[in-house]
Amino acid sequence: MTSMLNPLKKTELVGFLVVAAVILLILPAITDAFRLNMVGKYLTYAFVAVGLVLCWGSAGILSLGQGIFFGLGGYCMAMFLKLESSTPEATSIQSTPGIPDFMDWNQITELPWFWEPFHSLTFTMLAVILVPAILAFVIGFAMFTRRVGGVYFAIITQAIAAILTILIIGQQGYTGGVNGITDLRSLLGWDIRTDSAKTILYFVNAVLLLAVIALSLLVRHSKLGRILVALRDKEDRVRFSGYDVAAFKIFVFCFAAAISGIGGAMFTLQVGFMSPTFVGIVPSIEMVIFCAVGGRYSLIGAVYGTLLVNWGKTTFSESFPELWLFAMGALFIAVVMAFPNGLAGIWNSHVQPLVKRLSKRTGERQAAPAETPAAIAE
Amino acid sequence: MSEPTDFLLAVEALTVSFDGFKAVDDLSFYVDPGEIRVIIGPNGAGKTTALDLICGKTRATSGSIRFRGKELTDMKEHEIVHAGVGRKFQNPTIYEDLSVFENLEVSFPRGRSVFGALVFKRDAEVRERVAEIAEMIFLTDHLEDRAEYLSHGQKQWLEIGMLLIQDPELLMLDEPVAGMSGSERIKTAELLHKIIEGRSVIVIEHDMKFVEDIAHKVTVLHQGRVISEGSMAHVQADPKVVEVYLGH
Ligand SMILES: Nc1ncnc2c1ncn2[C@@H]1O[C@H](COP(=O)(O)OP(=O)(O)OP(=O)(O)O)[C@@H](O)[C@H]1O
Ligand SMILES: [Mg+2]
């Protein structure tokens, strides 16, 4: 536990550089285009996990509905791409050419009003961030100003994820229903299905993820980051120190939602479709597991946790598909019981002291602790 | 109702009822600027509840609380803090996962909005103020320590320090010396005498020696009501007080 106090800012910087090297250099070097695309897909979930580190790890707000925001970001991007592929020429065999195919199949004859603005890429990029953030604001405002928290909050987010899934599936004509929005081909005329496009998108995604992590590190090292830790511990003390606790919770929940939305949009771009399977209860819980395995206090750990669990999922479910859910449940319980700080915790309490001891032995003493204490980190 | 008053705090006819049980019942008392007021009374007398009402943690069923003439009963908790009321809880309530420095820094009254907290800078003013407070609360040598590892008494001081750094005009302390050793009590009394400059303090305490040492005026509560008020000598001689409280 001591490792949670006064982390050297240097170690955090090193951790960041290492993760950057892993996703920008090492993974692309050791995987083929197909596998790299798969890693890219996993890394889109890391956006959600990073958001959960701030929301759940720092502030103690466990959301079991982060799939909502991932999905909304993904759907926003999918709507833009779908409109681009649904030109009147490309859809001339439909009874109403120029609208997405699934609308035509559902006897819809006019593009719904809320699809219209998604002709614009600028609007879409804003929507990818703002739609999840606004929904998070509404949920957060309703819950946190009423002091709903803990398990109740978790259950409510879970219920909202379920409702949203049902809504998407039910409104087939507007959303593509259970199949989702599929057959996405190009972005401003650039074919996103080719290997080279997928490789480029991998790197765009990787850079965005690193930017989001860097931003999250800044948030966590600000006074706001310490207030989040403080209110996780003693909410009343924070309130009676003159802070509007609900506002801080709403902020971190919206922040996590917004970055999840970016992850969702990058998912759509790399995988070429978006469907309700990424919105509901199961993906939302899986994302919490990625975060828990990585270590819920570690922004960097979230990336490794996501990669590891997804790699496990792919390997495992190829051989025993029906057992995966049980394995996942067992993994979650094991992590929570035995390693509550996840991979990052194992690293800090076992690997780092070893490294320190070795480097001490070689004579060069570690620099004195940082001159100023910093909030808990990895 | 709202005519100007010389009192810093005026509590009038304050009542709160929990499902019909009146924990505080028609309570009135007045605190002067610069006064140390001690509230005593048997367990369950409603002392903590009275502080809860003043700081907004519990909402009054009826009655009024005016602080510098401003009505507090319908203000939000953080607004009451901004108005100048600070409150220490009965059990030491500090942020165990943060260092002593950070505990004080988080309590520093700047950057209290979301945006303000994001752009808050740990500048010289903050460091100096933290150092100054740390010295007052005897924790200069522990600034870098994780608050979790402080002794019980040090945690009590830290929480007092977290309030002092906000420079409240009214400081409310709920049993600040409970669980402290003899020498810690003496130091705490010394601390309270030091911090009284320019503010009022309401202290709840059971330790009579300590009360005698610090109180300007004592209010005795019993079953949510004031049964006696005045100097320590006065309330000690009051037969009602002896019967319900001091006689035990
Ligand atoms: N939220 C609540 N709901 C119901 N009853 C309450 C509530 N808060 C306090 N009480 C009751 O009100 C009474 C007064 O409690 P309070 O904590 O104010 O006493 P106290 O004078 O601080 O006692 P102590 O010296 O033990 O700290 C007690 O009987 C308590 O059980
Ligand atoms: Mg009490």
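1. Which side chain has an N or O atom 2.8 Å from an oxygen atom of ligand 1? The side chain is that of N43(B). Such a polar contact is a pair of N or O atoms within 3.5 Å.

2. This is a predicted model: local features need pLDDT of at least 70, side-chain atom pairs count only at pLDDT 80 or more, and totals for chains, interfaces and linings use all residues. Residues are numbered from 1 along each chain as its sequence is written, chains are lettered from A and ligands numbered from 1 in the order in which they are written, and side-chain values use heavy atoms, without hydrogens and water.

3. Backbone atoms also reach ligand 1. A polar backbone atom of G46(B) is 3.0 Å from a ligand oxygen. For A45(B), a backbone N or O atom lies 3.2 Å from an oxygen of ligand 1. The protein covers 61% of the 640 Å² of accessible area that ligand 1 has on its own (Shrake-Rupley method, 1.4 Å probe).

4. The shell around ligand 1 holds 13 residues (a heavy atom within 4 Å). N43(B), G44(B), K47(B), T48(B) and T49(B) come nearest. Helix α1(B) gives the most, with three residues (helices are DSSP runs of H or I, at least four residues; strands are E, at least two).

5. Ligand 2 is a magnesium ion, and its protein donors are T48(B) (OG1) and Q90(B) (OE1), 1.8 to 2.3 Å away. Donors are N, O and S atoms within 2.8 Å of the metal (3.2 Å for Na, K and Ca); water is not among the atoms, so sites may look incomplete.

6. T48(B) lies in α1 and Q90(B) in the loop between β6 (85-88) and α3 (100-107) of chain B, so the pair ties together parts 42 residues apart in sequence.

Definitions and conventions: A polar contact is a pair of N or O atoms within 3.5 Å; within protein, one must be able to donate a hydrogen and the other to accept it, and residues adjacent in sequence count only if both atoms are side-chain atoms.
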